Amino acid sequence: MKFTQYFLKTREKADRRRIRIEWIQDTIKNPIHTVVQSDGRIRKWKKIEEEDKFLRVVLLEDEETVHNAFFDRDFKGEPQ
């Protein structure tokens, strides 16, 4: 798995440190919802049971470089 510099920098924030790499990998492999943005980036969501929250992972167009990962408070588990 590859990461953008943006991801590595935002990962230093307190609220992002607790997001496990395994959760990111699982969200990429087994999302419950996927959206391709107009700029080609790919958003994927998965429920993280341990946190009782939905994780959003944003990938670059290559579908393997993680640009962002965070708990999405607005996503309720269904397509928006």
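**Exercise 1.** In this predicted model, determine which elements each supply at least two residues of the lining of the largest pocket, and characterise that lining by class.

*Solution.* Step 1: the elements are helix 2 (14–17), strand 4 (53–59) and strand 5 (65–71).
Step 1: the space in the largest pocket is about 220 Å³.

**Exercise 2.** State how many cavities of 30 Å³ or more are counted, and describe the lining of the largest cavity.

*Solution.* Step 1: the count is one cavity, and the largest cavity contains about 30 Å³ of space.
Step 1: Phe-7, Thr-10, Arg-11, Arg-16, Ile-19, Ile-24 and Ala-69 form its lining.
Step 2: of these residues, four are nonpolar, one is polar and two are charged.

**Exercise 3.** Identify the residues with the most contacts inside the largest nonpolar core, and list the contacts of Val-57 beyond four places in sequence.

*Solution.* Step 1: the core comprises 13 residues, and those with the most contacts inside it are Ile-24, Leu-55, Val-57 and Val-66.
Step 1: helix 3 (21–29), strand 3 (42–48), strand 4 and strand 5 each give two or more residues to this core.
Step 2: with residues up to four places away in sequence excluded, Val-57 touches Ile-24, Thr-27, Ile-28, Ile-42, Arg-43, Lys-44, Val-66, Asn-68 and Ala-69.

Terms used:
Residues are numbered from 1 along each chain as its sequence is written. This is a predicted model: local features need pLDDT of at least 70, side-chain atom pairs count only at pLDDT 80 or more; totals for chains, interfaces and linings use all residues. Side-chain values use heavy atoms; hydrogens and water are left out. On a 1 Å grid over the protein atoms alone, a cavity is a set of points where a 1.4 Å probe fits but cannot get out, and a pocket is an open set with protein on both sides within 12 Å along at least five of seven lines; lining residues have an atom within 4 Å of a point. Grid points are joined across faces, edges and corners, and a volume is the space filled by probe spheres set on the points. Helices (H or I, at least four residues) and strands (E, at least two) are DSSP runs, numbered from the N terminus. Ala, Val, Leu, Ile, Met, Phe, Trp, Tyr, Cys and Pro count as nonpolar, Asp, Glu, Lys and Arg as charged, and the others, Gly among them, as polar. A nonpolar core is a set of buried Ala, Val, Leu, Ile, Met, Phe, Trp, Tyr and Cys residues joined through side-chain atoms within 4.5 Å. Buried means under 20% relative accessible area, exposed over 50%, partly exposed in between (1.4 Å probe, protein chains only). Contact means heavy atoms within 4.5 Å.
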